[in-house]
Amino acid sequence: MIAKFLPRGLPFSESLNNNAIFVSTRRDRFSDCPELPDRSALFRHIARMVDEPIDYLEFGVWKGASIDEWRRLNTYPESRFVGFDTFYGLPEDWDPQHPAGTFSTKGEMPKIDDSRVSFVKGLFQDTLRPFLAKTEVTRRLVVNVDCDIYSATLFVLGTLDRLFRPGTIIVFDDFYSMNDEFKAFYDYDRSFGRTWSAIGRLPHCIKAAIEIR
Ligand SMILES: C[S@@+](CC[C@H](N)C(=O)[O-])C[C@H]1O[C@@H](n2cnc3c(N)ncnc32)[C@H](O)[C@@H]1O
């Protein structure tokens with residue numbers, strides 16, 4: 001409705017529209033799934049659902065907190081945990097509080113003493129396709145999207161789509177970010193038409209997880 005009165009591309013009207021889509025998606029698709037109090041509880045809830053060897057791909061590593069949690073939760077020797085990041089921070093502005101460069105570790109990668117964990121340094125747009133060309137993803141796939149910005153999220157989802165199978169899990173760290181992670185998921189969903197269901201969320205869908213059906 002609002003788009004009738006305000007031209008597309010005006011950030012304010014886009015945000016209003018995105019907010020309306022976010023609120024209705026939350027109501028229609030996420031109200032019946034379990035609500036967890038915090039990120040660690042959400043991870044534990046998902047890890048119980050995937051009690052088997054996994055291929056865990058994480059987009060947005062920073063200092064390694066979430067990949068470290070995941071490799072502790074899933075202790076199967078055959079599991080692999082791969083973290084992708086520039087390690088020089090966000091490639092573009094996210095919001096006024098998070099300009100390009102936020103989350104830089106000056107190129108330093110986390111040191112995690114676990115041979116199942118590895119990192120791929122660079123822009124996803126440069127590294128993901130070469131990675132997939134030389135890597136077979138054979139185990140149940142868990143994708144952790146924590147890259148904050150629209151362009152990165154949409155690229156990751158569209159590029160990984162061909163690997164998604166029933167049982168694939170996708171976790172969104174900033175699902176509430178209606179102009180970025182959420183909007184990218186919404187646009188991906190519209191374009192690729194996967195069947196999915198919500199499997200967990202934090203209050204207000206700040207963070208959320210889905211399973212491909
Ligand atoms: C919020 S931080 C990740 C936090 C981390 N998962 C944790 O648990 O602490 C977001 C990260 O996404 C990375 N990032 C965003 N867009 C990217 C892109 N297109 N290519 C590579 N890294 C990107 C940034 O460098 C940043 O380190």
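In this predicted model, Lys-183 and Asp-187 form a salt bridge whose closest N and O atoms lie 3.0 Å apart. Both residues belong to helix α7, where four residues, about one turn of the helix, separate them. An α-helix has 3.6 residues a turn, so residues three or four places apart point the same way. Lys-183 is buried, as is Asp-187.

The structure holds 17 salt bridges in total.

| Salt bridge | Closest N to O distance |
|---|---|
| Lys-183 with Asp-187 | 3.0 Å |
| Arg-139 with Asp-55 | 3.2 Å |

The salt bridge between Arg-139 and Asp-55 connects distant parts of the chain: Arg-139 sits in the loop between α5 and β4, whereas Asp-55 is in strand β1, 84 residues apart. Arg-139 counts as partly exposed because its relative accessibility is 25%. Asp-55, by contrast, has a relative accessible area of 2% and is therefore buried.

Arg-140 and Glu-211 are both buried.

Elsewhere, salt bridges link Asp-68, Arg-71, Arg-72, Asp-114 and Arg-116 in a network. Side chains of opposite charge can pair when their charged atoms come close.

The strands β1, β4 and β7 belong to an open sheet of seven strands, ordered β3-β2-β1-β4-β5-β7-β6 and with mixed pairing. At its edges are β3 (117–121) and β6 (196–201), each of which pairs on one side only. From one strand to the next, the twist averages 20°. Strands β4 and β5 run parallel and are joined by four bridges. Asn-144 stands opposite Val-171 of β5.

Helix α4 (residues 65–73) lies across β1, β2 (80–85), β3 and β4, and runs at about 170° to β1. Helix α6 (residues 150–160) has as its buried residues Ala-152, Thr-153, Phe-155, Val-156, Leu-157, Thr-159 and Leu-160.

Definitions and conventions:
Residues numbered from 1 in each chain as written. Predicted model: local features only at pLDDT ≥ 70, side-chain atom pairs only at ≥ 80, totals over all residues. Heavy atoms only, no water. Buried < 20%, exposed > 50% of the residue type's maximum accessible area, 1.4 Å probe, protein only. Helix = DSSP H or I, 4+ residues; strand = E, 2+ residues; numbered from the N terminus. Salt bridge = Lys/Arg side-chain N within 4 Å of Asp/Glu carboxyl O. Pairing = 2+ DSSP bridges. Axes fitted to C-alpha atoms, helices over the stretch in contact; angles between N-to-C directions. Contact = heavy atoms within 4.5 Å.
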